[in-house]
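Please read the points in order.

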Amino acid sequence: MDYYDDNDNENLEVMLLLEAVNAKYGYDFRSYARASIKRRIRHRMSVSGIKKITEVIERLIYDKSFFTDLLGDFSISTTEMFRDPGFFQALRKTVFPVLQRLPFIKIWVAGCSTGEEVYSLAILLREEKLYEKSMIYATDYCNKSLTTAKEGIYNIKSIKKYAANYIQAGGIQSFSDYFKAEADSAAIDPSLRQNMVFSIHNLAADGVFGEMNIILCRNVLIYFNRELQNKVFGLFTQSLEEGGYLCLGSKETIRLSTYSDNYDEMLRDEKIYRRNSAPVSYSKPSAHPVATPEFVTKGGELIRDVKAKMEELDYLLNSVGSLPGQS
Ligand SMILES: C[S@@+](CC[C@H](N)C(=O)[O-])C[C@H]1O[C@@H](n2cnc3c(N)ncnc32)[C@H](O)[C@@H]1O
């Protein structure tokens with residue numbers, strides 16, 4: 001049991017706030033890194049002119065729109081196209097040649113934010129002639145970010161930086177081919193969305209996605225404490241095919257988790273790991289239920305789309321059989 005002395009009252013208030021958020025709205029931030037959560041709460045207090053955390057608790061319980069704003073604060077959506085270009089170049093040079101041998105490629109981008117990372121991936125897959133046989137599941141728990149991701153319309157001011165990243169990532173076309181530019185915005189070529197499904201998925205609470213060949217989860221786990229990171233690594237390990245790739249952000253590692261032995265380090269600096277054949281011992285039994293009907297209905301149409309497309313893909317996979325090395 002935790003005890004809070006007089007010097008620790010702020011931590012007690014934060015703990016109560018996170019309990020209230022979980023109990024009232026079902027979002028569990030109790031295992032997020034506390035320093036970052038506190039910064040977000042203070043930001044909301046200053047914007048709303050609130051002096052005490054206990055007042056924040058009262059507001060979020062009785063005022064849903066206040067909670068929505070706070071949720072937006074908790075969800076740090078910073079992203080860009082071809083973020084860390086060296087990573088995308090490594091993916092192209094090291095991982096894509098292996099994917100050429102597969103009949104279909106299933107990719108999960110977890111914590112996709114507003115979609116820039118997913119479209120970057122789609123562009124490289126297309127340039128390597130892999131896109132047509134790929135299905136990308138792009139998930140985030142933040143509905144607002146997902147709405148932007150589905151639209152794929154970005155501020156024109158960002159495009160210059162994205163174009164530079166694209167070249168550093170080994171892009172081989174003219175970057176402008178992938179956009180339709182307007183006065184102050186740039187809309188992604190909609191054909192890049194053809195084999196993509198966006199859906200709500202909360203890494204802290206929802207179940208596994210089956211038989212993925214690649215999982216990208218970059219710059220998300222950095223906000224979680226060690227325990228939640230470990231839980232999510234279990235989720236990924238269950239979701240990845242043997243021989244599948246796990247890609248993390250530059251400041252993230254699987255090495256401190258209990259699943260470390262289940263991965264070989266492919267590229268240390270780019271944080272690309274490959275699931276090996278070592279037996280997996282999940283740290284908690286049934287910690288990661290397979291997606292349930294409840295999960296299927298949570299995102300409404302979107303999730304039904306995922307299910308239909310996954311079933312279609314599974315059917316195709318079964319009908320062509322497996323390649324050597326695939327189970
Ligand atoms: C900093 S952004 C990273 C975006 C992108 N992966 C990148 O590297 O550019 C972190 C994203 O993780 C999402 N996120 C945070 N906690 C999550 C959770 N429990 N489940 C799903 N997504 C989460 C946030 O909503 C946000 O979009």
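1. The buried residues of helix α8 pack against α5 (85-99). Contact here requires C-beta atoms, placed from the backbone, within 7 Å. Y162, N165 and Y166 are the residues concerned, being buried in α8; buried denotes 20 or more other C-beta atoms within 10 Å of a residue's own. Helices (H or I, at least four residues) and strands (E, at least two) are DSSP runs, numbered from the N terminus.

2. The model is a predicted one, in which local features need pLDDT of at least 70 and side-chain atom pairs count only at pLDDT 80 or more, while totals for chains, interfaces and linings use all residues. Residues are numbered from 1 along each chain as its sequence is written.

3. Three strands form an open sheet in the order β3-β5-β4, with antiparallel pairing; pairing requires at least two DSSP bridges between two strands. At the edges lie β3 (153-155) and β4 (179-181), each of which pairs on one side only. From one strand to the next, the twist averages 30°.

4. Three bridges join β3 to β5 (residues 185-188) in the antiparallel sense, and N155 stands opposite S185 in β5. Helix α8 (residues 156-168) packs on the sheet, where α8 touches β3, β4 and β5. The direction of α8 makes about 90° with that of β3; axes are lines fitted to C-alpha atoms, for helices over the stretch in contact, and angles run from 0 to 180 degrees between N-to-C directions.

5. Just after α8, G170 adopts a positive phi of about 90°.

Notes
Contact = placed C-beta atoms within 7 Å. Buried ≥ 20, exposed ≤ 12 C-beta atoms within 10 Å, placed from the backbone.
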